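Visitor: I would like to learn how to read a structure. Could you take me through the features one at a time?

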Amino acid sequence: MEYFSPTSVEDAVSILHKYGERSRLIAGGTDLMVDMRFKDQPDCLVNINRLSNLSFIKPDEDCLRIGALTTIRELEANHLIKTRFRVLWNAAHQFASLQIRNAATIGGNIARASPAGETLAPLLTLEAKARFVTADGEQLLPLERFFLGPGRTALGAGGLLTGIEVPYPDDGARGVYLKHAVRGPMDIVVVGVATTITFDGRSAVNEARIGLAAVGPTPMRARGSEQLLQGKHLDLPLIEEAARGAAEEAKPISDHRASAEYRRWIVESLTRRALTQAWQNV
Amino acid sequence: MIEIALNVNGKEHHASLQPYLSLMDFLRDMLGYKGVKVCCSTGECGACTVYMNGKLVNSCVTLAAAADSGEITTVEGLASNGKLHPVQIAFIETGASQCGYCTPGFIMSAKVLLDEHPNPTVDDIKDVISGNICRCTGYTKIIEAIQLAASIQLAEQVYGD
């Protein structure tokens with residue numbers, strides 16, 4: 001096995017370009033170490049922990065910039081994220097154990113592109129963008145177009161995610177992330193539902209965004225339910241209708257964690273709960 | 001093979017190792033720190049918990065190479081001048097070690113909590129040990145031990161050792 005520990009993004013990308021599919025990037029290692037022990041060993045291991053300038057949480061004027069090597073624990077401990085980006089904070093707070101949160105990075109969670117990835121549905125509802133570098137140069141892509149399938153992203157085999165850019169939600173925005181897992185935060189989600197909602201005045205929905213995790217090949221938005229809510233006053237019947245709509249839009253599969261039918265029930269239930277929480281907190 | 005240099009429990013080590021080696025396997029098999037326990041090897045049970053540069057991590061899912069130029073503390077490094085850490089004393093006093101296999105990991109997590117919250121609530125304790133699994137299911141005594149450790153630590157601060 002070849003091993004590299006590059007100190008610049010350019011070096012890292014040229015190594016990835018050379019080794020392609022045969023290489024693996026390692027940051028926190030919480031996923032890849034398990035793969036290397038029980039599944040496959042890559043021909044080339046690229047440790048990016050020395051790219052220390054990729055670890056930052058930077059509130060710029062236009063958006064919040066988060067470096068790919070920022071740990072989940074750093075997100076959880078950040079006051080701005082806790083207050084303004086509550087949906088993302090919820091996900092970071094419910095992310096496995098302290099041991100894992102100290103090591104796992106936001107970049108790893110995104111680049112891994114698991115449909116159940118904890119921060120992904122919340123980031124979709126924040127309309128975050130991925131910034132990455134390939135041999136062809138730097139790109140900025142909305143996360144919704146970044147995810148291509150389970151474990152597949154626009155990075156391909158040679159791209160390096162350097163960070164994300166998250167627009168500030170409106171001042172009154174309500175963010176909620178709910179997960180259903182058998183063993184609580186330690187477990188992979190059966191279903192996750194994220195909502196980011198802004199209200200006009202007391203209960204008229206200005207904009208609703210609903211993100212679903214683990215119910216399709218990529219994390220997804222429930223666009224139909226979002227449109228249903230747009231401009232309307234929230235009440236219980238409307239919440240019920242939106243929750244049923246989200247369950248219909250979901251594209252779950254049956255696997256050892258849950259059946260597709262069960263996952264749709266959970267989408268409905270969590271969407272109802274998330275919208276109700278957002279509504280009651282207006 | 002790659003070369004790394006690191007500090008474990010205050011002692012400098014240089015080693016030549018395979019790049020894919022986990023910190024857990026490195027600490028146990030190459031340096032002999034057997035207080036780092038092997039259990040799930042997937043980052044779920046916390047038996048292999050150590051501090052890397054002051055942070056609580058699962059050494060089974062940490063690359064040994066990532067510890068290059070770093071500082072590691074294992075359970076063997078908690079006692080100072082032959083005196084056990086309050087968390088260790090409390091685990092003995094309350095009988096919180098049952099089969100004992102998960103104990104080093106629990107002790108490492110508990111110490112991190114007490115460093116930050118000298119007087120933790122039961123919920124704080126449950127939060128910090130959520131990444132550690134006890135197969136004897138003896139959580140009640142473990143929680144009691146951590147509460148006792150907090151009292152010992154506070155008493156030491158007030159009355160001295």
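Predicted model: local features only at pLDDT ≥ 70, side-chain atom pairs only at ≥ 80, totals over all residues.

Visitor: Let us begin with sheets. How do strands pair?

Guide: Strands of a sheet pair through backbone hydrogen bonds, either parallel or antiparallel. In chain A, three strands form an open sheet in the order β1-β3-β2, and the pairing is parallel. From one strand to the next, the twist averages 20°.

Visitor: Over how many bridges do β1(A) and β3 of chain A pair?

Guide: β1(A) and β3 (residues 44-47) of chain A pair over three bridges, in the parallel sense. For A:Phe4, the bridge partner in β3(A) is A:Val46. Helix α1 (residues 9-19) of chain A packs on this sheet and touches β1, β2 and β3 of chain A. The direction of helix α1 makes about 165° with that of β3(A).

Visitor: What does antiparallel pairing look like here?

Guide: Take β6 (residues 129-134) and β7 (residues 137-142) of chain A, which pair in the antiparallel sense over six bridges. A hairpin of two residues joins β6(A) to β7(A), and A:Thr134 stands opposite A:Gly137 in β7(A). β6(A) is also joined by five bridges to β10 (residues 160-167) of chain A, again antiparallel. There, A:Arg131 stands opposite A:Gly163 in β10(A).

Visitor: What is the strand order of the five-stranded open sheet in chain B?

Guide: The order is β2-β1-β5-β3-β4 in chain B, with mixed pairing. Its edge strands are β2 (11-17) and β4 (55-58) of chain B. Neighbouring strands are turned by 40° against each other on average, direction ignored. One antiparallel pair is β3 (residues 49-52) with β5 (residues 71-73) of chain B, over two bridges; in β5(B), B:Thr73 is the bridge partner of B:Tyr51.

Visitor: Which strands does helix α1 of chain B lie across?

Guide: Helix α1 (residues 23-30) of chain B lies across β1 (2-8), β2, β3 and β5 of chain B, at about 105° to β2(B). Helix α3 (residues 103-116) of chain B lies across β3, β4 and β5 of chain B, at about 45° to β3(B).

Visitor: Next, the cores. How many residues are in the largest nonpolar core?

Guide: The largest nonpolar core has 72 residues, and those with the most contacts inside it are A:Ile110, A:Leu123, A:Phe146 and B:Phe26. Helix α5 (residues 86-93) of chain A gives the largest share of this core, five residues. Apart from that core lies another, of 29 residues, including A:Ile197 and A:Leu270. Among the contacts of A:Ile110 beyond four places in sequence are A:Leu123, A:Phe146 and A:Ile164.

Visitor: How is the contact between two chains described?

Guide: The size of an interface is often given as the accessible area lost when the parts come together. Between chain A and chain B, about 2,000 Å² is buried, with carbon and sulfur atoms giving 61%. A:Met33, A:Arg37 and A:Gln99 lose the most area on the chain A side, together 31% of what that side buries. The contact takes 23 residues from chain A and 31 residues from chain B.

Visitor: How many salt bridges are there between chain A and chain B?

Guide: The count is two. A:Arg37 and B:Asp25 meet in a salt bridge through their side chains, at 3.2 Å, N to O.

Visitor: Is A:Ser97 buried or exposed?

Guide: A:Ser97 is buried, because its relative accessible area is 0% and buried means under 20%. A:Ser97 sits in the loop between α5 and α6 (98-103) of chain A. Leaving out residues up to four places away in sequence, A:Ser97 touches A:Met186, B:Asn58 and B:Gly131.

Visitor: What should I look for in a salt bridge within one chain?

Guide: Look at where its two ends lie. The side chains of A:Arg101 and A:Glu76 meet at 2.9 Å, N to O. A:Arg101 lies in helix α6 and A:Glu76 in helix α3 (residues 72-76) of chain A, so the pair ties together parts 25 residues apart in sequence. Both A:Arg101 and A:Glu76 are buried.

Conventions: Residues numbered from 1 in each chain as written. Chains lettered and ligands numbered in written order. Heavy atoms only, no water. Core = buried A, V, L, I, M, F, W, Y, C linked by side-chain atoms within 4.5 Å. Buried < 20%, exposed > 50% of the residue type's maximum accessible area, 1.4 Å probe, protein only. Helix = DSSP H or I, 4+ residues; strand = E, 2+ residues; numbered from the N terminus. Contact = heavy atoms within 4.5 Å. Pairing = 2+ DSSP bridges. Axes fitted to C-alpha atoms, helices over the stretch in contact; angles between N-to-C directions. Buried area = accessible area lost by both parts, 1.4 Å probe. Salt bridge = Lys/Arg side-chain N within 4 Å of Asp/Glu carboxyl O.
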